[in-house]
Amino acid sequence: MTLPLRLLARGKVRELYEVDDEHLLLVASDRLSAYDVVLPTAIPDKGAVLTGLSLWWFGQLRDLVPDHLVTADVSEYPVELAPYADSLRGRSMLCRRLQMQPVECVARGYLTGGGLKEYRETGAVCGLALPDGLEDGSRLPQPIFTPSTKAAVGAHDENVSFEAVTAVVGASVAEELRRITLAVYERGASLAAARGILLADTKLELGLDPAGVLTLGDEVLTPDSSRFWPASSYEPGRPQPSYDKQYVRDWLSASGWDRTAPGPELPQDVVEQTRARYVEAYERITGSSFEDYLRDA
Ligand code: Q0Z
C-alpha cells in the first residue's frame, strides 16, 4: 500500500505520514521485532491490537493528560485517503501534530533491561541511587522516572539524569514530563494489575500542542512501548517471560539463529500462538472483545 502522503518517519514496525500542517497519520503494521531485528513474518492483526490498546488507554488517561488523537474512524479521514480505508481501518490514527519533546519519557516500576544494566554498573539509574541487592525483575521501592535521549536510527536511546533533561527543556517542562510520566505509569500499572498483568515499565512521547499544552503523542501502554509480564509467573532473579513475545523468543532461541538480520521466517503455529497472545492482551487489559473492536472499527 502506498499512501498519497509524505512519509515523515518509518519505525521498525510503524509509519508516520504528514496529512497537513496540523495533522499526521500514524499507521501500525503487523511486523514484529525480536532481539532488535524485524522478522520477515507478519503477525496478523498485531497493528490493530496495538492501535486498539492505545485508543483504549487514551480514554483511561484523559483526566491525567490530553492526547493527540483526532479520530481513528477512517470515514472521518481526509477524502484522499478513502481508497485506502480498508487497509487503514483499525490500525491507524489521525493525530494532531505536536512539537515533540526531545526526550523519551520512561517510567519503571521494576528493574530489567537497560535500567538493570546501568544499576549493575553504577548502583543507580539515570542518577537515581537504588538499594543494594536488586536483581533482574525486582520491584522498585517506588516507580522512577528514567528519561533517555533519542538516539540515531539503529542505536539505543541513552539514559540521562533529570538534570540533563532540565538543561534541554527547562525545569518546569522537565518537572511536568516527570509528573505526567509517573502518573501514566501508576494508572497503567494499577489497571493492568487488576487484570493479572504487571507493567514493568513504559515509554511515552510527549509534545506541545499549538497552545503550549503538554500532550501525549504516539502510542501508549502497548506491548511495543512497555513491558507487560504475566503476574502468575512473576519471579524476580531471572528474565521474566514477555506477555506477547515469549513464544517467538523461545522458538528463535531454539532455532540456532545468530540474531543478525534477516531473521528466519516463523512457523505457522508460532504465528498463531503469538497472534492469540496479542489478542488476549487486548481482551484482558480492556475487558472487551477484540472481534468487536475490529467489527466496529
Ligand atoms: C512521533 C514515530 C515513526 C511512528 C514524531 N502527534 C505527533 N506530532 C509530531 N510528531 C509525532 C507525533 Cl506522534 C512523532 N514520532 C515517533 C516514528 C513512526 C512514530 F517512525 N515521531
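For the residue classes used here, Ala, Val, Leu, Ile, Met, Phe, Trp, Tyr, Cys and Pro count as nonpolar, Asp, Glu, Lys and Arg as charged, and the others, Gly among them, as polar. In those terms, the shell around the ligand consists of six nonpolar, two polar and six charged residues. The model is predicted.

**Ligand site**

- The ligand is surrounded by 14 residues, and the closest are Arg10, Gly11, His68, Arg96 and Leu98.
- His68 places a polar side-chain atom 3.0 Å from a nitrogen atom of the ligand.
- Arg96 has a backbone N or O atom 2.8 Å from a nitrogen atom of the ligand.
- For Leu98, a polar backbone atom is 2.8 Å from a nitrogen atom of the ligand.
- The ligand taken alone exposes 470 Å², and the protein buries 84% of that area.
- Two or more residues of the shell come from each of strand 1 (6-10), strand 2 (14-20) and strand 3 (23-28).
- Of the elements around the ligand, strand 2 gives the most to the shell, with three residues.

**Helix 1 with helix 7**

- Helix 1 (residues 46-61) packs with helix 7 (residues 268-286) at an angle of about 15 degrees, and their axes are 9 Å apart.
- Because angles under 35 degrees count as roughly parallel, helix 1 is roughly parallel to helix 7.
- The crossing in which helix 1 passes helix 7 is left-handed.

**Helix 1 with helix 5**

- Helix 1 also packs with helix 5, at an angle of about 115 degrees and with the axes 11 Å apart.
- The range from 65 to 115 degrees counts as roughly perpendicular, and helix 1 and helix 5 are therefore roughly perpendicular to each other.
- Helix 1 and helix 5 make a right-handed crossing.

**Helix 4 with helix 5**

- Helix 4 (residues 162-169) and helix 5 (residues 171-193) have axes 7 Å apart and pack at an angle of about 130 degrees.
- An angle over 145 degrees would count as roughly antiparallel, and 65 to 115 degrees as roughly perpendicular; helix 4 and helix 5 are therefore oblique to each other.
- Helix 4 passes helix 5 in a crossing that is right-handed.

**Backbone features**

- Most residues other than glycine have a negative phi, and most peptide bonds are trans.
- The peptide bond joining Ala261 and Pro262 is cis, with omega at about -5 degrees.
- Pro262 belongs to the loop between helix 6 (246-255) and helix 7.
- Asp218 has a phi near 60 degrees, which is a positive value in a residue other than glycine.
- Asp218 sits in the loop between strand 16 (214-217) and strand 17 (226-230).

Technical notes: Residues numbered from 1 in each chain as written. Predicted model: local features only at pLDDT ≥ 70, side-chain atom pairs only at ≥ 80, totals over all residues. Heavy atoms only, no water. Near = heavy atom within 4 Å. Polar contact = N/O pair within 3.5 Å; in protein donor to acceptor, adjacent residues only side chain to side chain. Areas by Shrake-Rupley, 256 points an atom, 1.4 Å probe, with all protein chains shown as cover. Helix = DSSP H or I, 4+ residues; strand = E, 2+ residues; numbered from the N terminus. Axes fitted to C-alpha atoms, helices over the stretch in contact; angles between N-to-C directions. Left-handed = near helix turned anticlockwise from the far one by under 90°.
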